[in-house]
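The sequence and structure are shown below.

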Amino acid sequence: MLEPVAGCKMTEPAYLLVLLEQGAVAFCHDENPWFHACSEPRWIEPDLLSGIVDFAEESGKALMFVLGRSRPPKRIERVMGRIDHAKIVPFGLHDVWDNVVVVVESEDRERFAELGEDWARSLILRIARRDLAYCSDMVERLVGRFGRLALHLRGIEYFGARDVAIYARELDRIAVVIRRLYEEGRPVETNVLTDRLMLSSMRNCDAGITHVTIAPDGRCYICPADFAIGHDPIGHFDAGSGLVIAPPASLTLSRSPLCLRCDAFHCKRCVHLSRRLTGEANVPSEQQCLIAHAEREASRRLLQALGPMEPFDRLPRLPDLDYRDPLSLAGARPPDRRFGL
Amino acid sequence: MAKSGKKAIPAALKADRQCVGRVLPGERDEVLRLHERRAGLDELVLSLQDSPLLANPVFYDKVVADLGRTVKHLADWWDAKAKKYGWDAVPGGQWSIDFDSCNIFLDHGTARHGG
């Protein structure tokens, strides 16, 4: 699976997310209602896709194709096959290709057993707010079916203190599962617990910087969520001029004073959510910060619990923090003149 | 009859209720607000039926106008979303929304728009 490079100021994105149809599966915090529509898929034009493939080959960019509920027509599959790529597919297409990133929803939890055993699979589990209390149960059900599990919460914009508390409790339960797997010699990863252990600096999503999203009509967006919700595109792609984009400068970490002071290095720092909830891409919402810090705290306790186990004994311990929302630092400490806090 | 039915009836639509789509949480919030407003106005009229307040033409006109506007906005919401997402429809059917999951259901003839 392709990984974004965090905090890296890039003028050119390193990889492209290509939505093969309007109903491409949502794989992060966002929703794509077209995925659930009964209408026929509106596929990307094969010529446009061919232009993207040529462009990626020439410029050395990696490609990640995002599929919807249906398998693409043969013409599109032929173009896809011309280049090495990664695929993100919904649960319904998990057994069509090998080595794909599979997206499962918390509503599908009764069907998790349909995923065969695979200790190397990359899995994305999207959890609806109302299913928060079943997080650890779902992870337990998925044991043996993933090598890396990415947990993405849905409906973060509606989270309150109670939701964060439930999530924090579930994270501790998931940590018990992870610890057990490590003791059994299974080197699994989960983004919300194990990523932070390995990081010494920010490693965020970096949508619009390290990667951009190309919609089926050739328009470019910061991320798929911007496409689904109908935000303005940041440019377009066409075979003649290639990628013509102008992402806003506020997307970079260096423009985000709160995040610069934070050590929840694994946080996605979702600029889409930030823009929706605070009106600014570089100002995260309270919900995002509280969730990231609940994960950081659970990671800290997991590392503590792993104690002398190899290789975790060599990792630097995470300090215990006396705050959960970095914004509270603004009032509690002397103002930092560099960032105006 | 459902708000916009341009497609042939799929054979699968034999069950009484079928999920035909989903809306964004923000879109759900819009229709929830309208639904609550309409329900509130309905309640208000019912609770004031024997009250002289409802006989006051100024008050009565205000409530009727507000109710009319709200019902119109609700209908517009369903029309706009059905067009945007291309939901299935059947003669005599109605769409409804599960406010919790944002899912849209096609009910065959008995349900009303709303939650």
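This is a predicted model: local features need pLDDT of at least 70, side-chain atom pairs count only at pLDDT 80 or more; totals for chains, interfaces and linings use all residues.

The volume of the largest cavity is about 90 Å³. Helix H7 (257-260) and helix H9 (286-306) of chain A are the elements that each give two or more residues to the lining of this largest cavity. The largest share, four residues, comes from H9(A).

The lining of the largest cavity consists of Leu258(A), Cys259(A), Cys262(A), Ala264(A), Cys267(A), Arg269(A), Pro284(A), Gln288(A), Cys289(A), Ala292(A), His293(A) and Pro326(A). By residue class, the lining of the largest cavity comprises nine nonpolar residues, two polar and one charged.

## Helix H1 of chain B

Helix H1 of chain B spans residues 25-47, 23 residues in total. The distance from its first C-alpha to its last is 32 Å, close to the 33 Å expected at 1.5 Å a residue.

The buried residues of H1(B) are Pro25(B), Glu27(B), Arg28(B), Val31(B), Leu34(B), Arg38(B) and Leu41(B). Helix H3 (57-85) and strand S2 (94-97) of chain B are included in what covers these buried residues of H1(B).

## Salt bridges in chain A

Over all chains, the structure contains 39 salt bridges. In one of them, Arg154(A) pairs with Glu107(A), with the closest N and O atoms 2.9 Å apart. This pair links distant parts of the chain, 47 residues apart: Arg154(A) lies in the loop between strand S6 (148-153) and helix H4 (161-183) of chain A, and Glu107(A) lies in the loop between strand S4 (101-105) and strand S5 (122-127) of chain A. Arg154(A) has a relative accessible area of 5% and is therefore buried, whereas Glu107(A), at 32%, is partly exposed.

A salt bridge also joins Arg109(A) and Asp131(A), the closest N and O atoms being 3.3 Å apart. Here too, distant parts of the chain are linked, 22 residues apart. Arg109(A) is in the loop between S4 and S5 of chain A, and Asp131(A) is in the loop between S5 and helix H3 (135-142) of chain A. Arg109(A) is buried, with a relative accessible area of 18%, and Asp131(A) likewise counts as buried, at 6% relative accessibility.

In chain B, the side chains of Asp66(B) and Arg37(B) form a salt bridge with an N to O distance of 2.6 Å. The pair connects distant parts of the chain, with Asp66(B) in helix H3 and Arg37(B) in helix H1 of chain B, 29 residues apart. Asp66(B) counts as buried at 14% relative accessibility, while Arg37(B) is partly exposed, with a relative accessible area of 45%.

Salt bridges with shared partners also join Glu31(A), Glu105(A), Glu107(A), Arg126(A), Arg130(A), Arg154(A), Arg22(B) and Asp100(B) into one network.

## Leu149(A) in strand S6

Leu149(A) is located in strand S6 of chain A. Its relative accessible area is 1%, under the 20% limit, and Leu149(A) is therefore buried.

Leaving aside residues up to four places away in sequence, Leu149(A) touches Leu123(A), Leu125(A), Val139(A), Leu142(A), Glu189(A), Thr190(A) and Asn191(A). The C-alpha atoms of Leu149(A) and Val192(A) are separated by 8.9 Å, and these two residues are 43 residues apart along the chain.

Methods:
Residues are numbered from 1 along each chain as its sequence is written. Chains are lettered from A and ligands numbered from 1 in the order in which they are written. Side-chain values use heavy atoms; hydrogens and water are left out. On a 1 Å grid over the protein atoms alone, a cavity is a set of points where a 1.4 Å probe fits but cannot get out, and a pocket is an open set with protein on both sides within 12 Å along at least five of seven lines; lining residues have an atom within 4 Å of a point. Grid points are joined across faces, edges and corners, and a volume is the space filled by probe spheres set on the points. Ala, Val, Leu, Ile, Met, Phe, Trp, Tyr, Cys and Pro count as nonpolar, Asp, Glu, Lys and Arg as charged, and the others, Gly among them, as polar. The expected span of a helix is 1.5 Å times one less than its number of residues. Buried means under 20% relative accessible area, exposed over 50%, partly exposed in between (1.4 Å probe, protein chains only). Contact means heavy atoms within 4.5 Å. A salt bridge is a side-chain nitrogen of Lys or Arg within 4 Å of a carboxyl oxygen of Asp or Glu.
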